[in-house]
Amino acid sequence: MNAAFLNLLRSLVRKGNLTVIFASGEQVVFGDGTGKPATIRLVDAEAEKAIVRDPGLKFGEMYMDGRVAIEEGDIFDVLSIVKSNRPENAANIVNTAAALWHVLRQQVKSRLPVNRNRRNVAHHYDLDGKLFNLFLDEDWQYSCAYFHPPGISLDEAQRAKKRHIAAKLLLEPGQKVLEVGSGWGGMAMYLAESSGVEVTGITLSEEQLKVSRERAERRGLSDRVRFELQDYRTMQGRQFDRIVSVGMFEHVGIGNYGVFFRKMKELLKPDGVMLLHSIGQVYKPWATNPWIEKYIFPGGYIPALSEVLPPVESTRLLVKDIEILPMHYAWTLRAWRERFVARREEVLRLYDERFFRMWEFYLAASETAFLYDKHFIFQLQLSPSLETVPVSRDYIEAKERELLEFEKTRSRLELVAV
């Protein structure tokens, strides 16, 4: 039994019910016996040593490689036990040095004048579209849903998210809208159909671009919804009545917030409105979890609001509204994870066991971040104008009711057409 690994677990797991079977075959129970039990088995002694040196990176890697096996429960249960305790209790000289190295590396890399945006986006979003079809909603919304009212389905919650954002944009027919980070085109098409606007969606993913254009053409929207392979930083000579960005800001990078908001102000008309939807944290994190940064979102960073608002203020854009959605992404991720795991055999036909375990770990770890690390979604409404946005928030609910009626009418027409 690795003594350093044993001490790390004893320091970490004070509550919960975690059984660890070491590579030597010895078995130890950690925690106070409360909650759902989970059991892991370490396949080899080198895996134990790796986790002791750098738990933030190596635990996920060992799980991906099958060198950490789950004997009882699942990886979400294990990560929940870890996160529900205080991971900092397990800090020692060795793993603290590894954590500081990851922070330094990410801080430096984020400020280098090298544009890795397209490569970073391709790493995640240019995967086979069949993969995303296994676990996303019918519209392929790969961002936090809005479970209002509570208990609705994932499909309903994603429609509610689009409805909520459209209401905050204060759209009028004929307006020109820019979507920064347009995904597979669902938001752009919803705005065009529901509000009579013209939308330009930009992405750095060639796979998403192809799918978006095909979807818009099938729905007869090619004249009102256009998608471009375009970096927001190089857009020139255009201005828009509205700008929306959902789930893209996490990829901007720590060192680029000033550039981002200056460009948004340049692209926004003087009486325009922007809605930014992003994940946030309650404290300044300094770096992304090293496993997530390496395998899932290279270059990604989830900020505290204290890191976002100063660059907004420097542009003289007015903050018109900030809404915090604290639990909606945990519920979204749970729905994705359950769908993903249920279709394991289909994932394996697309990729392999290691890929499946990597994505299972990613979805479970992300869910625990919202449950235990208090991550949240913030929606930031900005405008250069004092008058464009109403002085009370009543307009949001009123507009949502209108949009819901539009959705119901469209659904009835589609049923009649069938």
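**A mixed sheet and its aromatic pairs**

Asp321 stands opposite Gln381 in strand E11. Strand E11 (residues 376–383) runs antiparallel to E10, and seven bridges join the two. This is a predicted model, in which local features need pLDDT of at least 70 and side-chain atom pairs count only at pLDDT 80 or more, while totals for chains, interfaces and linings use all residues. Residues are numbered from 1 along each chain as its sequence is written, and side-chain values use heavy atoms, leaving out hydrogens and water.

E10 and E11 belong to an open, mixed sheet of seven strands, ordered E7-E6-E5-E8-E9-E11-E10. Strands E7 (225–229) and E10 (318–325) stand at the edges with a single partner strand each, so one side of each has no neighbour in the sheet. Here, strands (E, at least two residues) and helices (H or I, at least four) are DSSP runs numbered from the N terminus, and two strands pair if DSSP finds at least two bridges between them.

Now to the aromatic rings. Rings of Phe, Tyr and Trp (its six-membered ring) pair if their centres lie within 6.5 Å; planes under 30 degrees apart count as stacked, over 60 as edge-to-face and the rest as tilted. The whole structure holds 31 aromatic pairs. One of them, Phe5 with Phe22, is edge-to-face, at 5.8 Å centre to centre and 80° between the planes. Phe5 lies in helix H1 (residues 3–12) and Phe22 in the loop between strands E1 (18–21) and E2 (27–30), so the pair ties together parts 17 residues apart in sequence. Phe5 counts as buried at 3% relative accessibility, as does Phe22 at 1%; buried means under 20% relative accessible area, exposed over 50%, and partly exposed in between (1.4 Å probe, protein chains only).
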